[in-house]
Each structure stands twice: as C-alpha cells, then as structure tokens.
Amino acid sequence: MKTPTTHILSVSYAHPAQKTVAETFANENKLPCQPLHRAQSELTLNFTEMQLEIIDRQQKMSLHVDFIGGSLRHRKKYGGGKGQTIAKAIGIKPGKPVPSVLDATAGLGKDSYVFACLGCPVTLIERSPIVAALLKDGIERASLNIEFSEIIKKGFVLHNIDALEYIQALDETEKPEVIYLDPMYPEKKKSASAKKNMQILQKILGHDLDTHEVLTAALKKAKKRVVVKRPKGAPELQTERKATLCYESRGTRYDVYVI
Ligand SMILES: C[S@@+](CC[C@H](N)C(=O)[O-])C[C@H]1O[C@@H](n2cnc3c(N)ncnc32)[C@H](O)[C@@H]1O
C-alpha cells in the first residue's frame, strides 16, 4: 500500500566512534552506510555523539527529535493546555481524570508529547524503523531532564510495530481509553519549518494509504473514543461508521468517534 522510497536514504556516522552502531542499524534495515563526508544520498540518517538526525541535502536542513527545547518547549508553555482543540478532541474535561492514549501513528512524537504534557499516559506506535529510531533517541536524551522523567514515570512507551498488528493483539485488560490516528497526507504549502519536517518524513515514508484498516480495528479496541487528525476539507477516512463529532483548528480537523 505504501510507496517505498528508502533508496534515497543512507546511514552515516559523524565520527568513527559511532561506526559500529551506524553499521548495525544499516545492516538491520538493509541500507548503505558510510562516514558522513562520503554520503551522497539525498537523505542521510546520521549518527553523531549528540543525537540521531536526518540530513536532507536538497533542502539543506536536518531534523532530530527534541522534547526539551525548540518548538515543543514553546508549545508546552504557550499551547493552551486543556483548552486546546486537540485536548478537547481526546475528551479532556476540566476536573475529570485524563484518559490513557494510544498514539497509533507516533511519527516525531509531537502530538504524543502534547498528550503527555496534559497528564495522559501515552503508548507510542511507529512502524518505520527509521522514524522509531529518531523517536527513541529523542526519548533517551530527554529522559535526563527532570520534567521529562516525570512524563516517563506516568507512561511514555514506544513500540516499533505496525499499529494494525498491535491494536488487533490488545486484550480486554490492555484496551486504551483513546486511540489517536494522524496519517501522513500530501502537504499543500511548503512554508513553515514544521511542515518541512513532515516533507522529509514523506520522502522516506510516502503517504499512509492504509489507515482506514487501523481505524476499523481501533473502533473495536478503544474504550472511549478514536480520534483521527485530518487536514481541513479532507474527506473522513472510510470505515463502517461516521464520526460522532468534529473539532477544527486552523488547517486541521479532528474527527472523533465516540464509542
Ligand atoms: C503524519 S506522521 C504523525 C505525526 C505525529 N502525529 C507527530 O505529532 O509527530 C504519521 C506517522 O505515522 C506512521 N504510521 C502510519 N501508519 C502506521 C501504522 N499502521 N502503524 C504504525 N505507524 C504508522 C508513519 O510511519 C508516520 O511516521
């Protein structure tokens, strides 16, 4: 269902100290590996002493997961807390306990982090080994921060697996209250750097054309609601039922299926 575009990606290392870990990852994922100064591919998954990053030669930019600084810190401080649209979409209400959330399309973990900052225990599911490696690296670095270690204590657990497989295997005792889906869709504008991050992911992953199957499975396993993030104006994902509620903010719509 997906367009495999991994041939544009290679693995590299900034220093010989990262050679072994880079080569192990490259072998496991059948990707070429070389020192950074010799890498020629459009995208390079680069192991450095500080972090794991993707370098995009065409766009002359790099991306890594940072839960402590940058845009996520800003979002945490000024993002609107329980009043923000995404919080309402997952069913957060003042004075009520927060739900557990299974983020079935974790990506770079931004939405997962918002749920965690709202106090929700979060399970992150990401099927791409490359994106999961970036996320794992971000979580490991952030764990050294006291505030983030509180988030981890509540639950912020990543699994590198396909969401359909994971959700279908959930038994009665493991059912999350909320299942959240944010599939990759074509971007129209190319301005903001957040969008550029998504463009890099799209080059690696293509578009997610199979999320309706995950939605069908999620509707059977979520205890309270399933939430699908869509671009404003996009059709609902095809499934056996219609969304119960919709919330909109800027270019985004959240389709909510109350169980
Ligand atoms: C648009 S991105 C999600 C962005 C994320 N919400 C964030 O805030 O960073 C979609 C991600 O979902 C992942 N994905 C799509 N379908 C999946 C599936 N069936 N199982 C696991 N991961 C999936 C893709 O690999 C991609 O990394």
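**Helix packing and the ligand site in a predicted model**

In helix α1 (residues 19-28), the residues Ala-22, Phe-25 and Ala-26 are buried (buried means under 20% relative accessible area, exposed over 50% and partly exposed in between, with a 1.4 Å probe and protein chains only). Because these residues cover an arc of only 100° around the axis, they lie on the same side of α1; the arc is that of the directions from the helix axis to the C-beta atoms. Helices (H or I, at least four residues) and strands (E, at least two) are DSSP runs numbered from the N terminus. The model is predicted: local features need pLDDT of at least 70 and side-chain atom pairs count only at pLDDT 80 or more, whereas totals for chains, interfaces and linings use all residues. Residues are numbered from 1 along each chain as its sequence is written, and side-chain values use heavy atoms, with hydrogens and water left out.

The buried residues of α1 pack against the strands β1 (9-13), β2 (33-35) and β3 (43-47) and against helix α5 (129-142), where contact means heavy atoms within 4.5 Å. Thr-20, Asn-27 and Glu-28 are exposed, on the face of α1 turned away from its buried side. Just after α1, Lys-30 adopts a positive phi of about 50°.

A polar side-chain atom of Glu-126 is 2.7 Å from an oxygen atom of the ligand, and a polar backbone atom of Gly-109 is 3.3 Å from a ligand oxygen atom. A polar backbone atom of Ala-163 lies 2.8 Å from a nitrogen atom of the ligand. Taken alone, the ligand exposes 600 Å², of which the protein buries 97% (Shrake-Rupley method, 1.4 Å probe).

Val-114 is found in α4 and counts as buried because its relative accessibility is 5%. Val-114 and Gln-84 are 30 residues apart in sequence, with a C-alpha to C-alpha distance of 10.0 Å.

In helix α9 (residues 211-221), the buried residues are Thr-211, Val-214, Leu-215, Ala-217, Ala-218, Leu-219 and Lys-221. Their cover includes α7 (163-168), β9 (178-181), β10 (225-231) and β12 (252-258).

Key: Polar contact = N/O pair within 3.5 Å; in protein donor to acceptor, adjacent residues only side chain to side chain.
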